[in-house]
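Subject: A structure to look at, and what was found in it

Dear colleague,

Please find below the structure that I promised to hand over. Once you have had a look at it, read on for what was found in it.

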2 protein chains.
Amino acid sequence: MYRFSSVYQSPKGSPIRALYKHLSEPGMISFAGGYPDPQLFDVQGLGAASERAFANSKACLEYGPTEGTSGLKEALVQLMQQRGVHTRPENLIVTTGSQQAFDLVLRVLVEKGDSVFVEQPTYSTNIQAVQAHQAQLTAVPVTAEGMDVQALAHMLESASAQGKTPKLLYTIPNFSNPSGATLSLERRMRLLQLAVQYQVVLVEDDPYGGLRFAGEAVPSLMALASQVPGAQNWVVHMSSLSKIVAPGLRVGWAVAPEEILKRCSVAKQSADVGSSPWIQGIAAEYLASGRLDTHLAHICAAYGAKCRALAQGLRQELGDAIRFHEPSGGMFVWARLTGDITAAELLTHAIARGVMFVPGAGFQADGTDDFTLRLSFASPTLEEVAQGCKRLGEAMAAARAAKNKQAQPA
Amino acid sequence: MYRFSSVYQSPKGSPIRALYKHLSEPGMISFAGGYPDPQLFDVQGLGAASERAFANSKACLEYGPTEGTSGLKEALVQLMQQRGVHTRPENLIVTTGSQQAFDLVLRVLVEKGDSVFVEQPTYSTNIQAVQAHQAQLTAVPVTAEGMDVQALAHMLESASAQGKTPKLLYTIPNFSNPSGATLSLERRMRLLQLAVQYQVVLVEDDPYGGLRFAGEAVPSLMALASQVPGAQNWVVHMSSLSKIVAPGLRVGWAVAPEEILKRCSVAKQSADVGSSPWIQGIAAEYLASGRLDTHLAHICAAYGAKCRALAQGLRQELGDAIRFHEPSGGMFVWARLTGDITAAELLTHAIARGVMFVPGAGFQADGTDDFTLRLSFASPTLEEVAQGCKRLGEAMAAARAAKNKQAQPA
């Protein structure tokens, strides 16, 4: 009856949402969501920030600038400075999570039929976001060291020869969702050179960079751009307080070259006029309180312990049946089943035994992969991690038994 | 250098933003913005709501459902019930202001080249929003009784004959921004019939309906839809707490038929994942506190007094040089200059004398009108309203003198 836009003729929600209904099953242990551990929230610090913000109730309650309140923008400029990025409030826009930052960048750059490169695997909601802009998606392979920039160089050369250079390349270089991989310094430099050579906007999504619990930090693409002539024109950096402070704030931001940022701001006017100045006030007060560094040290230690517990549990309970790289930060382990049981088959038996994860198929822009899965160690307790791995081991045994039974002649 | 999407080749911000710089000039009296009076905010009630919301800090700080938290959705369903609309949480989506609700509706319905009808004059940011979706805009004239539905009937007939029936028609039926006009009951019924006949989605934007200070309320299109066979399928209702509680919350919502709502929810996933559960918690607590009715009575009385003061001041200081209808609610007086001074000319002299308004040209989807202007009585005090009118009178005298001087031979 309705004449919907062609993008929404048959709407598909996130593949993860299909699993939501199981989350509330009694005793369910979830490795599925990409959610921070609520036990780790700095409730006291955020409560105090909320009170301080409301003490200036006028600023909370009135309209604010579309690009974000000056207080929060300045606090975020300082946070970026700590992360090795020297920027100015004029180059920063506050958004509703980094999700909105990506949506704004897509709006100003991408039109129907344009080419967009993403990593494979990549964050499922952003596959949807690119598809909603009717772009052609191309998947760049990822290895344990992050995006395969050698493969990318060939892909760009070939795309360029066909006059189909991508408008942008979307990457999650630190502790990627879902791969957990971190792009090596060498690859980052090469990626920046390629961006300049092919005039492709690199969209660097960095929600997890603050969550490193092992090894040495690698500077962001935006921090490194000053070392590659011309590269500063080609990097848009997005980040968020969702994973390091609390998702309920829905505070994200983008840092971008002025011309791009100006257009994002015009796009945000039509999109929502501006994010809540009240929430921005709370976020600014929290950042100004100086509690973030201590808080980060605390949550990184906790996530590190959980990650090691998950890795150990998987090895112990699944042995050779699973392969994965242990990440140095973030929230995710990306794993591959080595036998003939698919992730979807394992999931059915896992849910029946009270444990969940996300099959990897939903994170593929291009083709599919039935044997990968994403496990998040962030929300469950250490005991739940161990127990969850045990259940996964049992689920694998059950899946194998079911497969053998199928294979036997009647 | 950048290959921007064609919509953003030469980005144009809102025409009102061009005036922002004058807002901070000392002593400036502004009839320009569409901002509620901060002196009227229920600071005490909102502070208490904020404390109550944070008492359940877990719900504030975690991710919430994309469509909105169940607490706020239920409170909004009740508010809609008070307004004569019987709906369910499943038909309601919480958005970042009603601006985002419109953006989501545009995303799911409108593609490049589609036809969209709007009122003339209409809210400038939504002219931009429609243009950002690359739709063809058609302007339907508005009289003192709201949209000219007779003219609309002819326009729809002709569009239909050409196979270009609009995908949607955007209307602000109560105390419209900028026209101040309210659509009569008779016209509402006719509009609903036309929507059914031509299968056009009516997007009813109702941020001001709660701000009636004179006359009898007219039921919303969505409330009336049950009286017109088939019409319930064709109305999307949007509203907001910005004008009745506080803009800083950025809480808006849409009520829509299930098929449309489901797609809006998928679009919101890509757009921003979801609005802040913290702010939604505060809004839900405020609505649950039962303070809104008393608060509305208080602000309606205040806005009514300011509106009468503005009308009286304009008559007194500008006399026959200006024509307008006194609205029965909302925040805006839409006026027409009767002489040869344009609104832009008057504005130049007005700003020099410490008073501002918005020329009507920015509110025209189609063509232009140099002699109209929008004046908001919401923010200034009663004394400022009187003083502002005086300055407008002086500005008019100065504009005439300048014009006469120009016209004289050297």
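Before that, a word on conventions. This is a predicted model, in which local features need pLDDT of at least 70 and side-chain atom pairs count only at pLDDT 80 or more, while totals for chains, interfaces and linings use all residues. Residues are numbered from 1 along each chain as its sequence is written, and chains are lettered from A and ligands numbered from 1 in the order in which they are written.

**The sheet of chain B**

Helices (DSSP runs of H or I, at least four residues) and strands (runs of E, at least two) are numbered from the N terminus, and two strands pair if DSSP finds at least two bridges between them. With those terms, chain B has an open sheet of eight strands in the order β2-β9-β8-β7-β6-β3-β4-β5, with mixed pairing. Its edge strands are β2 (92-96) and β5 (146-147), each of which pairs on one side only.

Strand β6(B), residues 168-171, is joined to β7(B), residues 201-205, by four bridges, and the two run parallel. Three bridges join β6(B) to β3(B), residues 115-120, again in parallel, and here B:Leu168 is the bridge partner of B:Val116. By contrast, β4(B), residues 136-143, and β5(B) pair in the antiparallel sense over two bridges, with B:Met147 in β5(B) as the bridge partner of B:Val142.

In a regular strand the side chains alternate between the two faces of the sheet. In β6(B), B:Leu168 and B:Tyr170 point one way and B:Leu169 and B:Thr171 the other, and all are buried; a residue is called buried if 20 or more other C-beta atoms, placed from the backbone, lie within 10 Å of its own, exposed if 12 or fewer, and partly exposed in between.

**A helix and some single residues**

Helix α5(B), residues 97-109, is mostly covered, as 13 of its 13 residues are buried. The expected span of a helix is 1.5 Å times one less than its number of residues, so the 13 residues of α5(B) should span 18 Å, and its end C-alpha atoms, 19 Å apart, agree with this.

B:Thr294 is found in helix α12(B), residues 292-318, and it is exposed because 11 other C-beta atoms lie within 10 Å. A:Glu67, in the loop between α3 and α4 (70-82) of chain A, counts as buried because it has 22 C-beta neighbours inside 10 Å.

Most residues other than glycine have a negative phi, and most peptide bonds are trans. B:Arg250, in the loop between β8 (235-240) and β9 (251-255) of chain B, has a positive phi of about 50° although it is not a glycine, and it counts as buried, with 31 C-beta neighbours inside 10 Å. A cis peptide bond, with omega near 5°, runs from B:Gln120 to B:Pro121, and B:Pro121 is found in the loop between β3 and α6 (124-132) of chain B.

**How the two chains meet**

A rotation of 180° with 0.0 Å of shift along its axis superposes chain A on chain B, with an RMSD of 0.0 Å, where copies are superposed by least squares on the C-alpha atoms of residues with pLDDT of at least 70 in both. The two copies are therefore related as by a two-fold rotation axis, and in chain A the C-alpha nearest that axis is that of A:Ile279, 3.5 Å from it.

Two residues are in contact if their C-beta atoms, placed from the backbone, lie within 7 Å; on that basis 62 residues of chain A are in contact with 62 residues of chain B. On the side of chain A that touches chain B, α10(A) gives the most, with ten residues.

With best wishes
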